Amino acid sequence: MTRKIRLGAFLPGGGQHVASWRHPDQPADGATSFEFHKRLALTAERGLFDAYFLADGLAVGFGGAREGGNARVAGFEPVTLFSALAPFTTHLGFIATSSTTYEEPYTTARKFASLDLISEGRAGWNVVTTTGDLTAQNFNRDTQLPHADRYRRAAEHVDVVRKLWESFEDDAFIRDKQSGVFFDPAKLHDTDHRGEHFSVRGPLNVSRSPQGHPVIVQAGQSEDGRGLAAATAEVIFTAHQHIETAQEFYRDIKARARALGRNPDHILVMPGVSAFVGRTEAEAREKYDRLTSLIVEEDGIGLLNGLTGGTLDLHGYDLDGPLPPAPPTEGMKSRQALIRQIADENNFTIRQLYQWIASARGHYTIVGTPEQIADTLQKWFENEAADGFNILPPWLPTALDDFVDLVIPELQRRGLFRTAYEGKTLRENLGLPFPTNRWAAGHAALQAAE
């Protein structure tokens, strides 16, 4: 099959841009409106997106910020929301974020296996380690775990979840009313995991889905994050400002995966892209300028305070002066470095910096026509920088409609994007293989040996 661009739709109901909720087109209560999220899901499916993606936090606001204009102070828990949205769609996948730092593997495995069954094989788990002292203080800690500790815990957490997802073999459930045999007990397996962070007996009390188990997604790009992604992820959400850094990341991940014995084609790298689409460049720029003008100064400062690690308080600094130095923290190390890179490369003032990252928090922002946006996506896709993209419409629903109605047809015209879904499950549409249950594989190996 000809290689095609894969697309995720990152659609928080409150919008991506820090001021999106103030836009006349966007419902002010979108973050907690189920009907609005349903509309977004149906639009994403109309656009043939692979999946609806949602990040998630475990504290009020981004980085704990409580500025009065912050629309991210409250919203839905993603798995709960996606379980409600799944029956209204037939092909769209649902990738929800869940923390390895503050959740137990059994709970994670159970809720995502349930979403996978409810959606008939369209679930994905975005693995995050979760940063911030304010989040830690919601979970019996005063400070966040050190970066390296979070990733060691994450690696073991993912391992346990995958073992739990293999508790039942795919054909374990017989459900024979005549014989009274509901399932084959020989095809149910304990997990029996004992490690540094977790002790889990198992088995999981949820069966496998039509796609085997949820797709595993990961979003880290630090050294520890790359190691975890190469070893465990099937989709990687990453942030880059230049094709050169995207290529370095792409090639590094594929090489690491190959060294671990994995097929690099079974790991999809999908950088984030925020697109302001206009039928002309001037129209696209007007959309960007209009949204930028709605940023409340306090919200811009709060956004930067969070993205620079949480220890640098920019209140009191000259907003038309440079970003002051900030020591790296145990938070999102790669994102802290990226924000500093954006400031330095563009010689941005504090104000210019928060205006630029307001739409995507470090992901690539494109302001242009459908042809110009398609040119960029095609260049990255065809030159070892991306297998697809996670699209971050700056405000909703208009920017999503713009992408579906203007950019998708241009990608299809170039033969770069599907004109119909390939299958029913998220794995089928992403072109990922069905995960073989290790217990079934063991049976097959024994039979072959005999």
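Predicted model: local features only at pLDDT ≥ 70, side-chain atom pairs only at ≥ 80, totals over all residues.

**Whole chain, then a closer look**

I started with contacts: of those in the protein chain with a separation of 6 or more, 77% are between residues 24 or more positions apart.

Next I looked up the secondary structure, and the protein chain has 15 helices and 13 strands. Its radius of gyration is 22 Å, close to the 22 Å from the globule rule for 450 residues, so the chain is as compact as a globular protein of that length. Along the principal axes, the C-alpha atoms fill a box of roughly 75 × 50 × 40 Å.

Then I checked burial and surface. I got 56% of the 450 residues counted as buried. The accessible surface is about 18,600 Å², and carbon and sulfur atoms make up 50% of that. For charges, I found 46 positive and 58 negative, with mean positions 3 Å apart.

Helix 9 came next. It spans residues 297-307 and is mostly covered, with 9 of its 11 residues buried. Among the buried ones I noted Asp 299, Asn 305 and the leucines Leu 303, Leu 304 and Leu 307.

Last stop was Ser 359. I found Ser 359 in the loop between helix 11 (350-357) and strand 12 (364-368). Is Ser 359 buried or exposed? Its relative accessible area is 1%, and buried means under 20%, so Ser 359 is buried. Leaving out neighbours within four places in sequence, I listed its contacts as Gln 16, His 17, Ser 274, Phe 276, Thr 365 and Pro 394. With one of these, Thr 365, the Ser 359 side chain makes a side-chain polar contact of 3.1 Å.

How values were computed
Residues numbered from 1 in each chain as written. Heavy atoms only, no water. Helix = DSSP H or I, 4+ residues; strand = E, 2+ residues; numbered from the N terminus. Buried < 20%, exposed > 50% of the residue type's maximum accessible area, 1.4 Å probe, protein only. Polar contact = N/O pair within 3.5 Å; in protein donor to acceptor, adjacent residues only side chain to side chain. Contact = heavy atoms within 4.5 Å. Rg over C-alpha atoms; globule rule 2.2 N^0.38 Å. Areas by Shrake-Rupley, 256 points an atom, 1.4 Å probe, with all protein chains shown as cover. Lys, Arg positive; Asp, Glu negative; His and termini not counted. Charge placed at Lys NZ, Arg CZ, Asp CG, Glu CD.
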